[in-house]
Amino acid sequence: EMILALIGAGRQVGITAFTHKAIINLLDEVIEHARRSGVEVHAIRKLEQNEKPSEDGPYRTARDNGVVAAALVQREVQLAAGTAWMWAREEFEGLTDTLFVDEAGQMSLANVISVSGAARNVVLLGDPQQLSQVRKGAHPEGVDVSSLEYVLDGSRVIDPRCGLFLSETWRLHPRVNAFTSELFYESQLQSEQSAAQQALSAPDALSGTGVRWVPVEHHGNANDSVEEADVIVELYRDLLRGTWTDTEGRVASIAAEDILVVAPYNAQVELLTGRLAPIAGPALRIGTVDRIQGQQAAVVIYSMATSSQEEMPRTMEFLFSLNRLNVATSRGRCMAVIVASPKLLEVSVHTPFQMRLANALCRFVELAEEQTPA
């Protein structure tokens with residue numbers, strides 16, 4: 001809507017992001033909103049390497065950076081999209097009025113600075129409490145942060161003097177959001193009214209809404225757990241026997257598309273895929289936390305796999321990462337389920353930061369106990 005408002009005011013706008021997929025998602029949404037509003041938008045996108053151009057798409061595509069630059073110079077388009085590799089080129093300097101950086105929590109500060117010359121204004125979009133950019137190599141202190149992390153400077157919610165915090169979630173039911181808002185957004189995130197209509201009806205404790213804790217005793221597991229996989233298979237079967245109600249009050253049977261299964265490790269994802277694929281078929285939705293960011297489903301099941309602190313294959317900061325926990329649990333529209341060893345609630349901490357990490361999982365369990373039907 002911001003992009004369309006600028007186009008309506010006669011401005012030329014650019015879109016960029018860390019990945020081509022994020023660029024395409026935002027561009028498609030802009031075109032769809034324009035169609036619904038009856039607004040004509042002329043756009044162009046720089047193709048990914050080896051990507052085949054579309055002849056009849058809703059916008060132009062180009063293999064060459066120069067074609068995109070020429071379209072902007074000659075004002076043939078109001079909207080152009082491409083990665084930082086395109087926008088940082090000299091010929092793009094000053095070609096747009098405003099450049100939107102999507103998923104700015106995953107784009108490095110250096111890259112945003114490099115593309116900023118292409119526009120008079122830069123707008124950073126994203127959620128700083130989700131997974132950040134991938135870091136490779138060693139960097140001087142402060143250089144390895146994303147552009148959004150730099151602007152927030154350690155805060156969980158942006159200072160009103162620096163930007164806008166969109167305080168309504170259209171995805172999360174209020175009972176799921178109770179955990180998300182308290183732990184990650186200083187209790188400032190509220191559920192939009194329609195989100196409260198969502199509900200789940202399934203056997204046993206997976207009926208209703210909110211967060212659920214499913215403890216599974218196991219020992220000696222590092223990055224995969226057969227015991228958790230056994231429990232998740234049963235939970236999955238139970239869910240497929242239920243129904244869920246969406247934000248418009250429509251009731252439908254739960255299908256594999258409505259269930260998202262997540263794990264922190266590839267090994268657990270592979271194990272669960274082998275167990276769930278015969279049940280769900282090609283509609284199975286499963287992946288590591290890194291791969292499912294940005295997705296959503298009626299219910300999410302998060303399998304932590306590790307038996308105890310002693311068995312962690314990586315640091316506590318990885319498994320208990322606040323951003324990782326936020327991404328995993330906030331995929332579920334009306335329910336988020338964590339399946340894990342209760343030993344993970346007994347970790348030893350040595351710093352205030354580690355105490356905060358452990359507290360997040362403990363708080364999830366407390367809320368789950370309050371919300372689970374008797």
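1. Six strands make up an open sheet, ordered S3-S2-S4-S1-S5-S6, with parallel pairing. Strands and helices here are DSSP runs numbered from the N terminus (strands E, at least two residues; helices H or I, at least four), and two strands pair if DSSP finds at least two bridges between them. The edges are held by S3 (60-62) and S6 (119-124); each has a single partner strand, so one side of each is left without a neighbour in the sheet. From one strand to the next, the twist averages 20 degrees.

2. The model is predicted: local features need pLDDT of at least 70, side-chain atom pairs count only at pLDDT 80 or more, and totals for chains, interfaces and linings use all residues. Residues are numbered from 1 along each chain as its sequence is written, and side-chain values use heavy atoms, with hydrogens and water left out.

3. Within the sheet, S1 (residues 13-17) and S4 (residues 79-81) run parallel and are joined by three bridges. Opposite Gly-14 stands Ala-80 in S4. Helix H3 (residues 65-73) lies across S2 (43-46), S3, S4 and S5 (96-102), at about 160 degrees to S2. Such angles run from 0 to 180 degrees between N-to-C directions, with axes fitted to C-alpha atoms, for helices over the stretch in contact; contact means heavy atoms within 4.5 Å.

4. Strand S15 (297-303) is largely enclosed by the rest of the structure, because seven of its seven residues are buried. Buried means under 20% relative accessible area, exposed over 50%, and partly exposed in between (1.4 Å probe, protein chains only). S15 is joined in parallel to S13 (residues 259-263) by four bridges, and Val-261 stands opposite Ile-301 in S15. S15 also pairs with S16 in the parallel sense, over six bridges; there, Val-299 has Met-335 in S16 as its bridge partner.

5. Helix H12 (residues 322-329) is mostly covered, with eight of its eight residues buried. Its cover includes helices H7 (174-184), H10 (289-292), H11 (316-319) and H13 (352-371), together with strands S15 and S16 (332-340). At the start of H12, a side-chain oxygen of Ser-321 comes to within 3.4 Å of the backbone nitrogen of Asn-323.

6. The largest nonpolar core has 40 residues, and Phe-179, Tyr-302, Met-304, Phe-320, Ile-338 and Leu-344 have the most contacts inside it. Its largest share, eight residues, comes from H13. Another core, of 27 residues, lies apart from it and includes Val-261 and Ile-301. A nonpolar core is a set of buried Ala, Val, Leu, Ile, Met, Phe, Trp, Tyr and Cys residues joined through side-chain atoms within 4.5 Å.

7. Is Thr-209 buried or exposed? Its relative accessibility is 9%, so Thr-209 counts as buried. Thr-209 sits in the loop between S9 (199-201) and S10 (210-215). The side chain of Thr-209 makes a polar contact with that of Arg-175 (2.9 Å). A polar contact is a pair of N or O atoms within 3.5 Å; within protein, one must be able to donate a hydrogen and the other to accept it, and residues adjacent in sequence count only if both atoms are side-chain atoms.

8. Gln-197 lies in the loop between S8 (190-191) and S9. At 43% relative accessibility, Gln-197 counts as partly exposed. Leaving out residues up to four places away in sequence, Gln-197 touches Thr-245, Asp-246, Thr-247, Glu-248 and Gly-249.
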